[in-house]
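Subject: Structure handover

Hello,

Here is the structure for you to look over. Please open it alongside this message.

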Amino acid sequence: MGFERSEWVWKNGEIVPWASATLHISSHALHYGSGVFEGIRCYGTQAGPALFRLDAHLARLYNSAAVYRIPIPYTAEELASATCEVIRQNRLRSCYVRPLCFYGSYSLAVAPLRCPVEVGTLAWPWEPLLGAANIEKGVRVTVSPWTKLHSSMLPATAKASGQYLNSMLALRDAVQHGFDEAILPELDGKLAEGSGENIFLVRGGKLLTNDEEDSILPGVTRDSVIRIAHDLDLAVEVRSLYPDDLLAAEEAFCTGTASEVTPIREVDGIPVGKGVRGPVTQQIQRVFYEATSGRNPKYDSWLKLVEGRP
Ligand code: PMP
């Protein structure tokens, strides 16, 4: 789906019509990818639209900005209000939210010394990134010929615009070869993550996932799934993942704000387990969607209502 149900954008402190939220072609970020961003979801709950783990996402945004030395000229509280404001103005009940902070136009010297920092937040309805039907059916992935950029080259823990060229190459290659998503390996053959998701495997009834010791973005959904697994008395082992873990897995799934919790049913044509969504994945999904929709009070602190009450 495109952006057709979004009319308003929050840009540099103001709500402006979608068509006015433009920038000059000389903007630094356009040339060098010098921006940091977040992807946040807002879910419909009985009490109204609610943002899922807004604080964790904003914390990561400021962390990404700190790594790249991008001084965001707004506080986290101001960006939180901006997020609510843009959802309210667009009268959205559930949506995806994209705050973006980037260097604007002043000079094209690579060091962005006097470039202004521009900030915008978009909100629009967006179905699960890997397909709504695949939440049940699962996706077919390939291990990419493109290696995940190692953290010593670009900091994987930061969510920066330019870093997504690595993801774009891997995803395009996967799609061109008939897959839904790519898993990017590390240079030493370990598995890193999807183009926009973290990975979980189920082996021996236990969940396995890697962490930032490997070059992954520490996902908010990943963190939520780990907490949910603990609450379900499912063991979680955090360690590097190898291709043989994937081949021997009984189940696999990926996690991300855009793709939520999506089962992986096949890797390079080889079925994962029985080649369908497995019972552990389904159990995690059930609690995850209870949490996002405000149907499980245990996770109420993860939701921030767009209208009023915290
Ligand atoms: N890895 C990458 C490369 C991503 O782009 C994302 C999406 N933000 C994730 C992992 C998952 O992170 P989160 O669960 O916070 O959306």
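This is a predicted model: local features need pLDDT of at least 70, side-chain atom pairs count only at pLDDT 80 or more; totals for chains, interfaces and linings use all residues.

**Ligand site**

The ligand is surrounded by 16 residues. Tyr164, Glu193, Val220, Thr221 and Thr257 are the closest of them. By class, the shell holds 9 polar, 4 charged and 3 nonpolar residues.

For Thr221 it is 2.6 Å. For Arg60 it is 2.8 Å.

How much of the ligand does the protein bury? On its own, the ligand exposes 380 Å², and 95% of that is buried by the protein. Helix H2 (54-67), helix H6 and strand S14 (251-256) each give two or more residues to the shell.

**Helix packing**

H6 also packs against another helix. H6 covers residues 220-231, and H8 covers residues 279-292. Their axes come within 10 Å and cross at roughly 110°. Angles of 65 to 115 degrees count as roughly perpendicular, so H6 is roughly perpendicular to H8.

Which residues make the contact? From H6 they are Thr221, Val225, Ile228 and Ala229. From H8 they are Ile284, Val287 and Phe288. The contact has 6 nonpolar residues and 1 polar residue, with no charged ones.

**Arg5**

One last residue to look at. Arg5 sits in the segment before strand S1 (8-11). What does Arg5 touch, leaving aside neighbours within four places in sequence? The contacts are Asn90, Leu92 and Pro125. Leu79 is 74 residues from Arg5 in sequence. In space, the two are 22 Å apart, C-alpha to C-alpha.

Best regards

Note on methods:
Residues are numbered from 1 along each chain as its sequence is written. Side-chain values use heavy atoms; hydrogens and water are left out. Axes are lines fitted to C-alpha atoms, for helices over the stretch in contact, and angles run from 0 to 180 degrees between N-to-C directions. Helices (H or I, at least four residues) and strands (E, at least two) are DSSP runs, numbered from the N terminus. Angles under 35 degrees count as roughly parallel, over 145 as roughly antiparallel, 65 to 115 as roughly perpendicular and the rest as oblique. Contact means heavy atoms within 4.5 Å. Ala, Val, Leu, Ile, Met, Phe, Trp, Tyr, Cys and Pro count as nonpolar, Asp, Glu, Lys and Arg as charged, and the others, Gly among them, as polar. A residue is near a molecule or strand if one of its heavy atoms lies within 4 Å of it. A polar contact is a pair of N or O atoms within 3.5 Å; within protein, one must be able to donate a hydrogen and the other to accept it, and residues adjacent in sequence count only if both atoms are side-chain atoms. Accessible areas come from the Shrake-Rupley method with a 1.4 Å probe; for residues, only the protein chains shown count as cover.
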